[in-house]
Amino acid sequence: MIRLTVPMMILLAFLVTFVACNAPPVPLDDIVIEKTFTPERCDRVVKSGDFVRYHYIGMFPDGKKFDSSYDRSTTYNVFVGQKQLIAGMDKALVGMCVNERWMIKIPPQLAYGKDGYGDTIPPDSILHFDVLMLDIWNKEDKVQIKTYHKPESCGRTVQVSDYVRYHYNGTLLDGTLFDSSHTRMRTYDTYVGIGWLIAGMDQGLLGMCVGEKRIITLPPFLGYGENGDGSDIPAQASLVFDVVLLDLHNPKDEITVEVQSLPDPCPRKSVVGDFMRYHYNGSLLDGTFFDSSYSRNNTYDTYIGKGYVIAGMDQGLLGVCVGERRRIVIPPHLAYGEEGTGTKIPGSAVLVFDVHIIDFHNPSDTVEITSVKPENCSRIAKSGDFVKYHYNATLMDGTFIGSTHTLGKTYDVVLGAGQVVIGMEQGLIGMCVGEKRKLVIPPHLGYGERGVDGEVPGSAVLVFDVELVDLEEGLPEGYMFVWNSEVSPNLFSEMDKNKDAQVDATEFSDYILQQVEEGKGRLAPGFEPQRIIKNMYDNQDRNKDGRITEDEFKLKADEEVAHDEL
């Protein structure tokens, strides 16, 4: 027995290896498959009759390459099981998944046999193919839809002839991205079901809700077919679209209105020509916010039904009550159309407005008066009267403005003297002491378009709850002083205390105040006495020299033009 040394053992091992590397291929009775990569998901496997697209490298058992689809930069596209391939490949591809990679070994009898193939493949060659499966479809395939998110509320779904806006990622079946609306940061906008899209997408979008997300898979004959798109989509490629629907409308759509809160009672509803103040939140149909009056802390104020706002809002604001909340959904042809606003509102966008009506009025409105009179109402307020009243003031939505009760005193004015807004004067006329009135005053009879800074918004309707506490009868129109008794024929000499044939301001004032104190005369109530007396004196001082002479002195009844004088 010969004992081998270690160096001899190493040499023997080397010789065995050398012989094995140069040994002829082991004959194969059938195909042999080595799965070099299998994806985690395998939604579909190749069946006989399927059309496949795959890449391959063809090699002899010694590793020498004889062909490769990669070198031609195009996949191999063929029907399986229809004798368009060598028998071994026809058999081997069945059962493969997309993105799966196999090493397929095919014996000569299932390849090119004894004849070989020209100068490329010798007779009786065993062939090895490194195959990567990229696409599988069948002539019987239809559009496949998988919805992976659906909103809880779905009031409407896509129908034929609807116009939609959606985002998508488009990939081949192996996951290769060929297009995305997200990268362009712009939705894809189109009509559905009328041939504006590839046939499979026309089908795949039907029935979607706004906010829904779905995977739409379509075979090439419902996509770009035998020619592809000439750039990123190969010929005979199945397409996968990951779609989220953002917007949906039909050119025949009108606005839709959902009343969310309706006040009771509602004594009046808005009509064309009313001026309205309202708050709103504006969003797109998918909920994307674009504007809000609340963020500006100011209502939106406008005429309605007159073209001052978009047509859909003009319609949606008709027939509302003060205090009402409603949702108005406006299709783009009644909003900002195909162009949008160029900023926050995209072209062809459906708009959703959540609206709260604060108040409205009409330029023809007068003061609205609701009265509760006491049993005894013998004297009523008229122009020139001095009145004292309490009030609570609010806006139409109940927002507090002010109250005399918080001040602990009445509000005192002379009616007709312009001391309050016109609507309040009109509302106080005809009241008797103890009467209570509710006055609704439109802004053109209140504080107008400007309002009162920090207190009353512009164009605001005012609501006053008024109680008349006291009433002092005023003087006739044009008079600030009247005599309660016969006028003395020696009036001038009685005023001229120092008998210098002229009356100075002090003499005049002392005399008038004495007459009032003795009840012989009466000053207009509600005004400062000294201011009235000064005005009377200035009117008597014709030449403005600071003195009244007897020639200048005249009674009111003797004047052709009204003056605040005797």
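The structure is a predicted model, in which local features need pLDDT of at least 70 and side-chain atom pairs count only at pLDDT 80 or more, while totals for chains, interfaces and linings use all residues. Residues are numbered from 1 along each chain as its sequence is written, and side-chain values use heavy atoms, leaving out hydrogens and water.

**Salt bridges**

- Across the whole structure, 27 salt bridges are found, each defined as a side-chain nitrogen of Lys or Arg within 4 Å of a carboxyl oxygen of Asp or Glu.
- D247 and R165 form one of these through their side chains, at 3.1 Å from N to O. This pair links distant parts of the chain, 82 residues apart, with D247 in strand β12 (residues 239–249) and R165 in strand β8 (residues 163–172); helices (H or I, at least four residues) and strands (E, at least two) are DSSP runs, numbered from the N terminus.
- K534 and D538 also meet in a salt bridge, at 2.9 Å from N to O. Because they lie four residues apart in helix α11 (residues 529–540), about one helical turn separates them. K534 is exposed at 53% relative accessible area, whereas D538 is partly exposed at 28%.
- The side chains of R44 and D50 are paired at 3.7 Å, N to O, and a network of salt bridges links R44, D50 and D141. R44 is partly exposed, at 27%, while D50 is buried, at 3%.

**Disulfides**

- The search of the whole structure gives four disulfides, a disulfide being a pair of cysteine sulfur atoms within 2.5 Å. With bonded cysteines counted along the chain, the pattern is 1-2, 3-4, 5-6, 7-8.
- C42 is joined to C97, S to S 1.7 Å. C42 is partly exposed at 35% relative accessibility, and C97 is buried at 5%.
- C154 is joined to C209, S to S 1.8 Å. The torsion about their S-S bond is about -90°, so the disulfide is left-handed.
- The sulfur atoms of C377 and C432 are 2.1 Å apart. Their S-S torsion is about -115°, so this disulfide is also left-handed.

- Not counting residues up to four places away in sequence, V131 touches partners including Y54, M89, L93 and I104, where contact means heavy atoms within 4.5 Å.

- H390 is found in strand β20 (residues 386–395) and is buried, at 18% relative accessibility.
- The side chains of H390 and T404 are joined by a polar contact of 2.7 Å; such a contact is a pair of N or O atoms within 3.5 Å, where within protein one must be able to donate a hydrogen and the other to accept it, and residues adjacent in sequence count only if both atoms are side-chain atoms.
- An unreviewed UniProt entry lists "domain: EF-hand" for residues 483–518 and 528–563, and such annotations may be inferred rather than shown by experiment. Over residues 483–518 the chain is 50% helix and 3% strand, with the end C-alpha atoms 11 Å apart.

Methods: Buried means under 20% relative accessible area, exposed over 50%, partly exposed in between (1.4 Å probe, protein chains only).
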